[in-house]
Amino acid sequence: MSKIDNKLEETLDEPLLSIIVPVYGVEQYIKECLESIQKQTYHNIEIIVINDGTKDNSAIIAKKLANQDNRIRVYDFENSGVSIARNRGLKIAKGKYIAFVDSDDKVDPNMYKEMVTYLEKYNTDFVKCGFVEFYEDGIKSFTYNKSEILKTKLFDKYFDGILWTVVWNAVYKADLAQKVLFPEYIAYEDNYSSGMYLRLAKTVGIINKKYYWYRCNLQGISKGNIKKPLDKIIAINKLINDLRKYRDIDKRLYWKISVEYYHFIRNNDFRFKVKCIRKSLYGFLMTHLDFRRKINLVFIIIKKGIKILE
């Protein structure tokens, strides 16, 4: 098959969209993922595949597709995790707009046409859509109630559920996306980046259609690693610390991080057994948790024999 060249007549009025795809251990799914991007009705795209040191045939499959389509470029690196892979993609990206796709997921053919057209028309800093979570035996849908443009209280959305705390159901202006680096060597990195996007944006668009298909695959680059419960706490704590420069930290962040500590303490996973808690942390939790969780926390500490240290 000859290389597929971008057609001038199709892309003359289309700004370049950079789509960043970190790849590790997804040889079963990478072809489907990349082909779903290739089939986009929006043509002026660069598909930046970051090979994060995969040990299977994922990179080989991606390079075969790249040989057939000059919009795909594969970059090889040592394994460093999804955050560093995305950050590397951000440095390479040349587009006016940027999007992220996990390499075991797929996208609707009209996703980027609709979303880039929206950005060009309404000039929002980013636009989000709904998504479908799919399993071997079923699906679950997540979508917004209506399409709209948000101009005030944008950070409030950070507390409105998963649609707002993942990064792949969106297209971002490059000058926004490239200001925010993903926190390295931790899972739950989207909890940080999604919050920063909301804080830095002035306007956000919502499309109440489901364009992204999120595969519940335990082996993928963003899903396959053993989730370390403390990582979500680390991500939210970094968000709090980095927001201090704006002198307007939303106090609900203290509640959110307290809830994550609460879940960690009550966790019965033998790998992460809590034996003691510093008094200062205990005081913080008792200040910011809701009443029900405060009562439960006291009961859990007594039941598990957890010590409170000075």
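**A look around the predicted model**

Leaving out residues up to four places away in sequence, Ser-193 touches Val-167, Val-180, Leu-181, Phe-182 and Pro-183, where contact means heavy atoms within 4.5 Å. This is a predicted model, so local features need pLDDT of at least 70 and side-chain atom pairs count only at pLDDT 80 or more, while totals for chains, interfaces and linings use all residues. Numbering runs from 1 along each chain as its sequence is written, and side-chain values use heavy atoms, with hydrogens and water left out. Ser-193 sits in helix α7 (residues 190–200); helices (H or I, at least four residues) and strands (E, at least two) are DSSP runs, numbered from the N terminus. With 0% relative accessibility, Ser-193 counts as buried. Buried means under 20% relative accessible area, exposed means over 50%, and partly exposed is what falls in between (1.4 Å probe, protein chains only).

Helix α7 turns up again in the surroundings of helix α4. Helix α4 (residues 82–92) is mostly covered, with 9 of its 11 residues buried. Those buried residues are Val-82, Ser-83, Ile-84, Ala-85, Arg-86, Asn-87, Gly-89, Leu-90 and Ile-92. They pack against the strands β1 (17–23), β2 (45–52), β3 and β4 (97–100), and also against α6 (174–177) and α7.

Now for the chain as a whole. The protein chain has 11 helices and 12 strands, and 52% of its 310 residues count as buried. Its C-alpha trace spans about 70 × 45 × 35 Å along the principal axes. For 310 residues, a compact globule would have a radius of gyration near 19 Å, and the 21 Å of the protein chain agrees with that; the radius is taken over C-alpha atoms, and the globule rule is 2.2 Å times the number of residues to the power 0.38. Among contacts with a separation of 6 or more, 80% come from residues 24 or more positions apart.

As for charge, the mean positions of the 53 positive and 39 negative charges are 7 Å apart. Lys and Arg count as positive and Asp and Glu as negative, with His and the chain ends not counted; each charge is placed at NZ of Lys, CZ of Arg, CG of Asp or CD of Glu.

Inside, the largest nonpolar core holds 94 residues, of which Leu-17, Ile-37 and Tyr-112 touch the most other members. Helix α9 (residues 252–266) gives the most to this core, with 7 residues. Such a core is a set of buried Ala, Val, Leu, Ile, Met, Phe, Trp, Tyr and Cys residues joined through side-chain atoms within 4.5 Å. Beyond its neighbours within four places in sequence, Tyr-112 has a list of contacts that includes Leu-17, Ile-19, Tyr-42, Phe-100 and Val-171.

Asn-123, in the loop between α5 (111–122) and β6 (126–135), is not a glycine but has a positive phi of about 60 degrees. Lys-153, another residue other than glycine, has a positive phi near 50 degrees. Lys-153 is in the loop between β8 (148–150) and β9 (170–173), and its 66% relative accessibility makes it exposed. Gln-68, in the loop between α3 (58–66) and β3 (72–77), counts as partly exposed at 29% relative accessibility.
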